[in-house]
Amino acid sequence: MTAASTLLDIHDVSLAFGGIQALDDVSLSMATGELLGLIGPNGSGKTTLLNAIGNLYTLDRGRIDFLGQRIDRLPLHDIALQGIARTFQVARVFRRMTVLENMLVPGYTANEAAQHTPGELGQRARDLLRFLDIDQLTHEQAGNLSGGQQKLLEFARALMLRPRLILLDEPFAGVHPLLKERMLERIGELHGQGIDFIVVSHDLPTILRLSSRLAVLANGRKIADGPPEEVRHQEAVIEAYLGV
Ligand SMILES: Nc1ncnc2c1ncn2[C@@H]1O[C@H](COP(=O)(O)OP(=O)(O)O)[C@@H](O)[C@H]1O
Ligand SMILES: [Mg+2]
């Protein structure tokens with residue numbers, strides 16, 4: 001077991017869309033080995049923060065470092081190669097491709113294609129589909145899958161590039177309880193294998209069960225951050241998030 005070190009360092013990040021301050025001076029440092037839950041009311045900036053880490057936007061202020069390297073100015077496709085993968089609030093799959101073809105898309109990045117034969121990539125894709133229990137859908141058109149199955153596919157696809165950090169945006173929303181349990185189990189297993197996660201979710205009981213640490217956003221500001229059982233009882237969190 002190696003000692004924990006800084007995995008991700010979000011430093012004083014601000015980002016506005018027109019007049020909306022979506023992220024307002026957010027700092028958040030994450031060590032290796034953490035499973036960070038990220039909660040907050042609708043519109044509080046959770047998705048924007050994941051997008052900022054994923055380098056979809058140019059920051060107005062601040063910087064983001066990953067494993068000691070500045071990443072917020074890298075070209076978009078470099079983020080995945082650095083070891084960061086993500087899924088979206090509404091799954092983004094290639095609807096007219098089969099499940100297997102969807103899995104192979106990230107495999108064809110220059111890096112992977114240079115390191116692995118098509119046969120190896122295909123085998124890895126099949127192994128991951130089995131791991132997430134959707135291998136019976138291997139040859140189905142992705143557009144025919146249920147919303148929850150699409151989320152599992154997107155999750156499986158995110159694993160193709162062997163990420164170090166996975167960002168999951170509302171992974172359980174609209175997902176059948178059985179698929180959700182499966183997903184929770186798999187997140188736990190992957191975390192045990194050394195993959196760290198940031199999980200955005202509205203589902204407070206689930207996020208409390210899953211996370212080793214909980215951060216709370218409200219109006220683009222981080223209002224709490226710490227052990228889940230402590231954070232949930234903080235007054236500012238109860239006011240902003242739980243609305244009681
Ligand atoms: N691409 C965008 N263009 C304009 N406004 C946006 C965009 N993305 C998010 N916003 C706004 O930024 C704020 C934060 O949104 P978001 O990060 O999606 O919140 P959350 O995921 O916490 O519900 C909201 O007010 C939202 O309307
Ligand atoms: Mg969101």
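1. Helix α1 gives the shell around ligand 1 its largest share, three residues (helices are DSSP runs of H or I, at least four residues, and strands are E runs of at least two, numbered from the N terminus). Keep in mind that this is a predicted model, where local features need pLDDT of at least 70, side-chain atom pairs count only at pLDDT 80 or more, and totals for chains, interfaces and linings use all residues. Residues are numbered from 1 along each chain as written, chains are lettered from A and ligands numbered from 1 in written order, and side-chain values use heavy atoms, leaving out hydrogens and water.

2. Who else is around ligand 1? The residues include Phe-17, Ile-20, Pro-41, Asn-42 and Tyr-57 (a heavy atom within 4 Å is the cut-off). Both β2 and α1 supply at least two residues of that shell.

3. Now the polar contacts (N or O pairs within 3.5 Å). Lys-46 puts a polar side-chain atom 2.8 Å from a ligand 1 oxygen, while a backbone N or O of Gly-43 sits 2.7 Å from an oxygen of ligand 1. For Ser-44, a polar backbone atom is 3.2 Å from a ligand oxygen. On its own, ligand 1 exposes 560 Å², and the protein buries 63% of that (Shrake-Rupley, 1.4 Å probe).

4. As for the fold, there's an open antiparallel sheet of four strands, ordered β2-β1-β4-β5 (pairing takes at least two DSSP bridges). Eight bridges tie β1 (residues 6-17) to β2, and Asp-9 faces Ser-29 of β2.

How values were computed
Polar contact = N/O pair within 3.5 Å; in protein donor to acceptor, adjacent residues only side chain to side chain.
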